[in-house]
Amino acid sequence: MQYFKGKSVYKGVTMGPVLVYKKHGEQVKRKSVEDPEAEIVRLRKALDTSKLQLQALYEKAVTEVGEASAAIFDVHKMMLEDEDYLEAAINMIRTESVNAEYAVTMTGNNFSQMFSAMADDYMKARAADVLDVSLRLARNLCGDKEQGMQIQQPSVIVADDLSPSETVQMDKEKILAFVTVHGSTNSHTAILARMMNIPALVGTDLDISALSDGMIAVVDGFEGAMILEPDDATCENVRRRIREEEEKVALLQELKGKDTVTADGRKINVYANIGNVGDIGYVLENDAEGIGLFRSEFLYLGREDAPSEEEQFEAYKQAARMMAGKKVIIRTLDIGADKQVDYLGLSQEENPALGFRAIRICLKQPDIFKTQLRALLRAAFYGNISIMYPMVISTGEVQRIRAVVEDVVQELEEQGIQYRVPEQGIMIETPAAALISDRLAPMVDFFSIGTNDLTQYTLAIDRQNAKLDDFYNPHHEAIMRMIQMVVENGHKHGKWVGICGELGADTELTQQFVRMGVDELSVAPSMVLKIRKIIREM
Ligand code: PEP
Ligand code: MG
């Protein structure tokens with residue numbers, strides 16, 4: 001029996017035969033060429049083929065694991081379109097008169113090393129993506145076929161590292177767990193494991209050349225460990241734990257379709273948080289009663305210009321249609337702070353969390369705001385949409401928001417376009433809003449408490465600063481008092497009050513929130529049934 005430690009990215013436990021993943025990448029050889037320009041033509045052709053392959057992989061991944069996870073193939077396509085990368089490879093072909101496969105492999109290695117050296121963990125994790133893209137190009141230049149891994153039986157996949165295109169080609173039904181030597185908790189394998197609800201370890205301290213297929217392994221995501229060739233007592237213990245986990249999952253499944261009511265008949269709405277329409281599959285799968293926070297800014301990120309009214313209208317309408325009459329609360333653009341886009345021309349700030357963000361941008365740049373509001377009001381005609389405004393600090397802001405909505409209504413009226421003015425609420429995520437919630441309540445239809453920012457601003461702790469993790473305490477009495485105050489002020493004016501920050505999914509507090517009078521909890525889709533269970537047992 002051997003024991004290996006790794007970083008767990010999903011808590012679960014499993015046992016099964018090991019399948020060691022071996023890379024197909026052949027050694028690319030350096031060759032001198034007579035005609036570098038002909039090599040560049042070959043390179044461009046291979047680029048086109050690679051882009052087509054990535055598009056096909058993207059489409060396969062969207063249906064299997066959803067849009068958010070599939071997005072990595074878009075990133076790969078973007079890497080292929082990166083001018084610095086292409087220029088570096090072309091320069092090498094021209095100046096050194098070498099074959100294109102050698103030039104892309106070397107360029108890929110250099111870029112990958114550059115990413116590895118970056119301080120940001122997310123960027124570091126992209127080093128593997130650059131290598132993956134270069135390998136694809138080199139393979140296409142050599143005319144090699146891409147071979148997916150054949151998995152005959154449910155297995156624990158062990159690899160040095162796994163690239164997105166390697167994992168997406170695997171038969172998901174037959175993967176019990178992933179264990180990799182490299183890779184970070186931000187790697188695609190980690191994201192995929194979380195989405196598939198299977199245990200996974202990255203950064204595992206093991207020598208895969210010492211493993212062979214068929215060896216039995218236990219992967220324990222609770223302990224962050226892999227046990228190779230476990231003894232009988234360990235196997236027995238693991239089988240019992242697997243059974244217990246399965247029973248928990250099965251019990252939760254029984255709660256699907258059931259109401260979230262306490263034993264004494266109080267109904268709490270358990271909604272889900274999403275970033276884009278592609279996440280709605282998870283909302284439906286986990287039987288959430290609505291969407292309590294659609295972070296619309298994700299429509300604006302990672303692109304060169306703002307999404308048009310039409311594009312937004314289609315996305316919001318589709319969300320409402322997919323939720324078939326259940327409530328869909330869409331938060332207006334919350335850009336700024338950690339979420340930046342170039343095209344809005346926002347300048348660098350010394351204190352971005354205290355800076356030009358969210359509703360402040362919308363009120364200062366009403367064109368952007370109006371485009372989104374038009375899309376929202378038009379989509380509301382087709383479904384149960386509500387609108388929520390982020391980062392509000394004053395009654396004056398609510399009045400200004402109302403005035404812009406009025407303008408938009410006027411425009412739509414004049415243009416004879418169908419619309420509906422839906423329920424409109426605000427996020428309570430600043431201490432100011434919490435403290436004047438008695439004055440804000442009569443002006444809005446509901447409150448949704450954003451505990452992530454409320455904690456940041458109340459405790460004066462930057463939520464992005466990992467050094468302060470020990471100090472960031474959302475259970476702080478000040479936060480609890482504010483939540484209680486907001487609930488009471490909302491209720492005094494007949495308005496419902498929910499929580500959509502991460503604290504809403506904190507199962508240690510669920511019963512306390514219900515006792516405080518919270519009407520709605522909006523949580524990650526995977527937490528919906530767990531919260532429902534606690535509430536039904538109260
Ligand atoms: C919050 O601040 O609690 C919240 C839900 O908004 P975000 O995390 O998107 O800032
Ligand atoms: Mg917030």
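Biologist: Which backbone atom of D453 lies 3.0 Å from an oxygen atom of ligand 1?

Modeller: A backbone N or O atom of D453 does. We call this a polar contact, a pair of N or O atoms within 3.5 Å; within protein, one must be able to donate a hydrogen and the other to accept it, and residues adjacent in sequence count only if both atoms are side-chain atoms. Before we go on, this is a predicted model, where local features need pLDDT of at least 70, side-chain atom pairs count only at pLDDT 80 or more, and totals for chains, interfaces and linings use all residues. Residues are numbered from 1 along each chain as its sequence is written, chains are lettered from A and ligands numbered from 1 in the order in which they are written, and side-chain values use heavy atoms, with hydrogens and water left out.

Biologist: Which residues are closest to ligand 1?

Modeller: A residue is near a molecule if one of its heavy atoms lies within 4 Å of it. Here 14 residues surround ligand 1, and the closest are R295, R331, G450, N452 and R463. A polar side-chain atom of R331 lies 2.8 Å from an oxygen atom of the ligand, while T451 places a backbone N or O atom 3.1 Å from a ligand oxygen.

Biologist: How much of ligand 1 does the protein cover?

Modeller: Accessible areas come from the Shrake-Rupley method with a 1.4 Å probe. The protein covers 98% of the 290 Å² that ligand 1 has on its own.

Biologist: Which element gives the largest share of the shell around ligand 1?

Modeller: Helices (H or I, at least four residues) and strands (E, at least two) are DSSP runs, numbered from the N terminus. Helix α17 gives the largest share, 3 residues.

Biologist: Which residues are the protein donors of the magnesium ion?

Modeller: Donors are N, O and S atoms within 2.8 Å of the metal (3.2 Å for Na, K and Ca); water is not among the atoms, so sites may look incomplete. For this ion, ligand 2, they are E429 (OE) and D453 (OD), lying 2.1 Å from it. E429 sits in the loop between β13 (424-428) and α15 (431-435) and D453 in helix α17 (residues 451-459), so the pair ties together parts 24 residues apart in sequence.

Biologist: Are E429 and D453 buried or exposed?

Modeller: Buried means under 20% relative accessible area, exposed over 50%, and partly exposed in between (1.4 Å probe, protein chains only). E429 is buried at 1%, and D453 is buried at 3%.
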